[in-house]
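Thanks for asking me to look this one over. Here are my notes, in numbered points, to read with the model open beside you.

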Amino acid sequence: MTEDEKLIVNLDALYNAYLKCRKGVSWKPSVMAFSNDALLNIHKLYCQLKDGTYKSGKPKTILITYPKRREGLSISFRDRIYQRAINDEVLYPRMTRSFIQTNCSCQKGKGTDYARKYLKEYLWAHYRNHGFDGYILQIDISKYYQSMSHEVVEDMFRAKLDDGAYKRVKEVLDNQYKDVKGYKPGSQMVQIAGISYLSPIDHYIKEKLHMKYYIRYMDDSIMIHPSKEYLEYALEQIKIELAKIGLKVNPKKTKIIPFSEKFTFLGFEYRVTDKGKVIMIVDRQSVKHEKMKLRKMCKRVKLNKMSVEKLQECFGAYKNHVSKGNSYNLTNKLNTYCLDLLKT
């Protein structure tokens, strides 16, 4: 067994992975069944992994409807524990080590708030140096996960892992995605592939194109530059690099706009005022979707199919999201909207 494998096939690693996997889903029947004899089941899993008798289950395809309709994967709880151990002990630390600072998605200490903070800083810095003289390039990848090449992902993992760990990663991916084009979200391993796949492009943009203000969150990225012509040149070069790994930009969502115009990124609409203040307002489609959810939840509360406490918990999570921007009036309106629904 290689050194990386020893980190994975380890009782402490499997137990820690179990605790993380059950967080927030301990009420599910499959999780409860495993948890009833958790230590015994973890030891059994450990022995199977150690002697080579472990067989993973067949994942199920599920439909994800928001924020857009797409297929995902549902993986058994036992398999999820094993994959979590691979990811946490070896795959994640090896793959993220060479990421640029503003590769913002799905990493410890990073996320949507981290990306928005950097974007606000970049907008202010550009305004301070150039005023409204400048442009913003937004890039969105067309069918990102479905277009990711198995060969590129495998080469990417092979370069960072030792032979034993790579063999285990490949076995998992082959079980889930053999004879299927691209990948489906749902597996944490695929999520790590997703944040790693464009890392060479990140380095190309920063080191070859010398783009100072650049942020990427999964397959959505933003660049700010004083010259529209240079951004047009950069976009063409990026398209060439993307084609090398089987990707294309989404022509409807990829655009260059004047710095003075408003734009949407990670669920918020941004604009810079004449005094350089960055205004951040939650996206209207998000508000529309939340109102639809509120109508359904309030109806369930009135039919005694949902508690008021559960409604408050779900609604509170959205209000916390809204609070990241300039949203005082919107929060008050949503509170009033929810109360009116409960009264009628």
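1. A word on terms before the sheet: two strands pair if DSSP finds at least two bridges between them. Helices (H or I, at least four residues) and strands (E, at least two) are DSSP runs, numbered from the N terminus. With that in hand, strand 3 (residues 135-140) and strand 6 run antiparallel and are joined by four bridges.

2. Please keep in mind that this is a predicted model, in which local features need pLDDT of at least 70 and side-chain atom pairs count only at pLDDT 80 or more, while totals for chains, interfaces and linings use all residues. Residues are numbered from 1 along each chain as its sequence is written, and side-chain values use heavy atoms, with hydrogens and water left out.

3. Y135 stands opposite H225 in strand 5, and in strand 6 the bridge partner of Y135 is P258. Q138 is bridged to K255 of strand 6. Five of the six residues of strand 3 are buried, so this strand is largely enclosed by the rest of the structure. Buried means under 20% relative accessible area, exposed over 50%, and partly exposed in between (1.4 Å probe, protein chains only).

4. Now the aromatics. Rings of Phe, Tyr and Trp (its six-membered ring) pair if their centres lie within 6.5 Å; planes under 30 degrees apart count as stacked, over 60 as edge-to-face and the rest as tilted. The whole structure holds 16 aromatic pairs. One of them is the tilted pair of Y18 and F34, 5.9 Å centre to centre with 35° between the planes. Y18 lies in helix 2 (residues 11-22) and F34 in helix 3 (residues 29-36), so the pair ties together parts that are 16 residues apart in sequence. Y18 is buried at 5% relative accessible area, and F34 is buried at 9%. Y15, Y18, F34 and F77 form one aromatic cluster.

5. Which helix holds both Y114 and Y118? Both lie in helix 6 (residues 112-130), four residues apart, about one turn of the helix. Y114 is buried at 14%, as is Y118 at 16%.

6. Finally, two lysines. A charge sits over a ring if NZ of Lys or CZ of Arg is within 6 Å of the ring centre and within 35 degrees of the ring normal. The charged end of K117 sits over the ring of Y114, 5.7 Å from its centre. K291 lies over the face of Y337, at 5.2 Å from the ring centre.
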